[in-house]
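Here are a few friendly notes to read alongside the model. Keep the 3D view open and follow the points in order.

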Amino acid sequence: GNGIIDIDEFVIIMYQSNLDSFLWSTSRRKYSPLDDANTCREKLAVTMNHAKSSFLAMFIVVVIFFFIGLSCLGFCFQTLLIVREYPAVQTTFTIIEYVSTVVFTIEFVIRVCIAKTPKEIFGDALMYCDFLSIVPVYIE
């Protein structure tokens with residue numbers, strides 16, 4: 001009644017609030033952006049743009065980063081003179097380059113398909129980088 005909380009009331013309030021938050025967190029699962037996605041296109045957009053939205057989204061990010069690293073290493077090793085002396089090694093790096101390009105092309109096409117507006121495609125500098133990284137292989 002007097003507006004002053006003594007230590008006993010404080011402990012009880014804190015205990016109840018911690019208990020409530022504990023019960024709340026165990027009874028409810030965590031929010032995911034996938035919860036708001038209704039259509040298949042929206043779910044695909046969330047999966048491609050939010051790595052923490054699901055296991056599949058995290059897996060896609062890991063695979064893309066793996067192929068980025070593999071592609072960079074392959075490019076670096078292909079420029080070494082010693083690699084050019086061994087056709088089998090050169091062929092291996094060429095295969096790595098083509099497989100990486102296919103993976104990057106699939107990602108690029110999916111990102112173009114899930115874009116809601118042309119501004120999402122043409123307004124993003126990374127889309128230009130993605131496009132410019134896959135075009136030279138197709139021109140070769």
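1. Does Phe108 count as buried or exposed? Phe108 counts as buried, because its relative accessibility is 14% and the cut-off for buried is under 20%. Please keep in mind that this is a predicted model.

2. A search of the whole structure finds three aromatic pairs. One of them is stacked: Phe77 and Phe93 sit 5.7 Å apart, centre to centre, with 20° between the planes. Phe77 belongs to helix H3 (residues 55–78) and Phe93 to helix H5 (residues 87–114), so this pair ties together parts that are 16 residues apart in sequence. Phe77 is partly exposed, at a relative accessible area of 37%, whereas Phe93 is buried, at 15%.

3. Back to Phe108, which forms a tilted aromatic pair with Phe131: 5.8 Å centre to centre and 40° between the planes. This pair links distant parts of the chain, with Phe108 in helix H5 and Phe131 in helix H7 (residues 125–139), 23 residues apart. Phe131 counts as partly exposed, at 40% relative accessibility.

4. The residues of the contact of H5 with H7 divide into nine nonpolar, two polar and three charged.

Definitions and conventions
Residues numbered from 1 in each chain as written. Predicted model: local features only at pLDDT ≥ 70, side-chain atom pairs only at ≥ 80, totals over all residues. Heavy atoms only, no water. Phe/Tyr/Trp six-rings, centres within 6.5 Å; stacked < 30°, edge-to-face > 60°. Helix = DSSP H or I, 4+ residues; strand = E, 2+ residues; numbered from the N terminus. Buried < 20%, exposed > 50% of the residue type's maximum accessible area, 1.4 Å probe, protein only. Nonpolar A, V, L, I, M, F, W, Y, C, P; charged D, E, K, R; others polar.
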